[in-house]
Structures are given as C-alpha cells and as structure tokens.
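Notebook open, structure on screen. I want to look up how the chain is put together, then pick out a few residues.

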Amino acid sequence: MSNKTSIWRRLSGNDEFKRRLYIIIFESDTPLGKAFDVALLWAILLSIVLIMVESIPFIPDWLSSFLVIWEYVFTGFFTAEYIARIYCSPNPRKYITSFFGIIDLLSTMPFYLGLFFSASRYLMVLRTFRLIRVFRVFKLFSFLEEGDKLLKSLKLSFPKIMVFFLFVVIMVISLGTMMYMVEGSQPGTPFTDVPTSIYWAVVTMTTVGYGDIVPVTFIGRILSAVVMLLGYTIIAVPTGIVSAQFSRDNLHGDSGEKKAKCKECGSTLPENAHYCPFCGNEIE
C-alpha cells in the first residue's frame, strides 16, 4: 500500500473541508493547488525582497512604514498557512518536526519574538531575530521538482558523504601533525602547536590559502605541495557522489523502478500524483 493511499484513508474520517484544504495546500497537481503554490511562491519572493530593501541604511520614513505594513501582511499570511498545514495534515506532529515544517515556523517567528522584546536594550537582539526571515528562501525548494530531487539525492548520499568526511578529518589531523613535526622546531615558526598546524592543513587542503601560515623548510614546502594536490582531488568527491545519486534518481524512482508515464500525453509523472500536471488527465 502506497503512502499516498494511507494518507487518503486517514483523511476519510475527517470532514470534507479538511480534505479539500489538504488537496489545496499539499497537492500541486490540481488547479487550486497550483494557484495556492503560485501565490505562496510570490509571497516568499516579495518578502525576501523586502528584507533586502529594509537592510539598506537611511531609507525614507514613508518607505520604512510601507515595509512594516507589508511585513505584517506577510507574517499574517505565513502564520495562517502554517496553522492550516497543521490543521489539515493527517499527521501534524510529523509535519511540525519535518524540515519544511521547521522552516515554516522559522519564517513566522521574528515578528512574534519582537512582541516580547520591545525594550530598547533588546534592539540588537530584535535585529538578529528579523534576519531569521531569510529562511523563507528555503521554502522555494518545495515548488521545484528538481530541488526536491536534489534534497532526496543529498539525503540518500549522506552516509557516503559522512564516511568521506571522516576520512578527510583523519587526513587533516595527520597532515597537520606531520607539518608540526617538520616546522615546529624552526625559530620564529608560525606552526606553534598541533591545532594551529591542523588549521593550516584545512586552509591548504581546501585551496583557500590565506597565507598567514607558511612553511619555510624544504620538506615543509614539499608537504604543502602534496596537501594542495590532495585538496584538488578531494573537493570533487562529494560532488561526484551527489551527482551520481541525482542521475540515478532521474532515471529511476526511489524503489529502483522506472517512473510512471501518463497514458494520455506520455509525460513522466511526479511521484504519487493524482492528476497529470501537463494534460490534467486523472491518474488511476
């Protein structure tokens, strides 16, 4: 039994309004669902633009008042959307603790936190709270099919990336310790301790190269060249892991089977779709 079928069965015991609200908010393959997604997408984009404009110093008073009013409007809109998602969700706790559920909450928090921190000494804290609104940009992933695929690929590749990251950490510690053994005994050396040498190894391996710590011995320079060459090799590995997973997901579904196609127009269907997003044909 598919996850979508389970959701519909759990919703069958609720009233018709909650079911329709679920279709509008969580589904994107119906006319009302698409209209809601488009409206939400524009609200997110405009709210981000307001954040950028608000950060400009010495803006006119009339523009500042205009931005405040629209921030109230957007906050009310995102708050209503968050409450509606919890109300019509078949599993509210799962939604609240999900990635996008947390992002939805973060996008509404700054305004309400400002209501409790209005004293003048908290103005700097309030400015920090207001910056949290930039998290609304992450909600854009929920509207992009490719963005959703990328998140799934990152999730499936996470164990491999973590193993590779552990390998890199071990290598950085080893190389930093070796450089301390080579350069630590030199007079006036910047490699004063092992942690500083590990910092140098991280900066060098990532090809950043600040130049604040430089080896002076012949062996130290050879080791630096080896670390630089390793850095170019290592940087490409996580990208290759995610790219390979992304390519597999484009060809096959999560279960390894080929993705379904619409019988009417032949287009590739999104996962668990009830209607074809291209021709509107109802999926059996």
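Predicted model: local features only at pLDDT ≥ 70, side-chain atom pairs only at ≥ 80, totals over all residues.

I started at the N terminus and read off the order of the elements, which runs α-α-α-α-α-α-α-α-α-α. That comes to 10 helices and zero strands. Helices here are DSSP runs of H or I with at least four residues, strands are runs of E with at least two, and both are numbered from the N terminus.

Residues are numbered from 1 along each chain as its sequence is written, and side-chain values use heavy atoms, with hydrogens and water left out.

Next I looked up burial. Of the chain's 284 residues, 31% count as buried (under 20% relative accessible area; exposed is over 50%, partly exposed is in between, with a 1.4 Å probe and protein chains only).

Then I went looking for nonpolar cores, meaning sets of buried Ala, Val, Leu, Ile, Met, Phe, Trp, Tyr and Cys residues joined through side-chain atoms within 4.5 Å. The largest one has 15 residues, and L21, I25, L40, I44, F74, F78 and C88 touch the most other members. Helices α2 (16-26), α3 (31-54) and α4 each give two or more residues to this core. There's also a second, separate core of 14 residues, with M179, F191, W200 and I234 among them. In soluble globular proteins, nonpolar side chains tend to be buried together.

F191 counts as buried because its relative accessibility is 0%. Leaving out residues up to four places away in sequence, F191 touches M179, Y180, E183, G184, S197, W200, I213, V214 and P215 (contact means heavy atoms within 4.5 Å). I also checked T177: it sits 14 residues from F191 in sequence and 10.0 Å away in space, C-alpha to C-alpha.

The partners are E81 and R85, with the closest N and O atoms 2.7 Å apart. Both lie in helix α4 (residues 61-88), four residues apart, about one turn of the helix. I looked up their burial too: E81 is buried, and so is R85.

Key: Salt bridge = Lys/Arg side-chain N within 4 Å of Asp/Glu carboxyl O.
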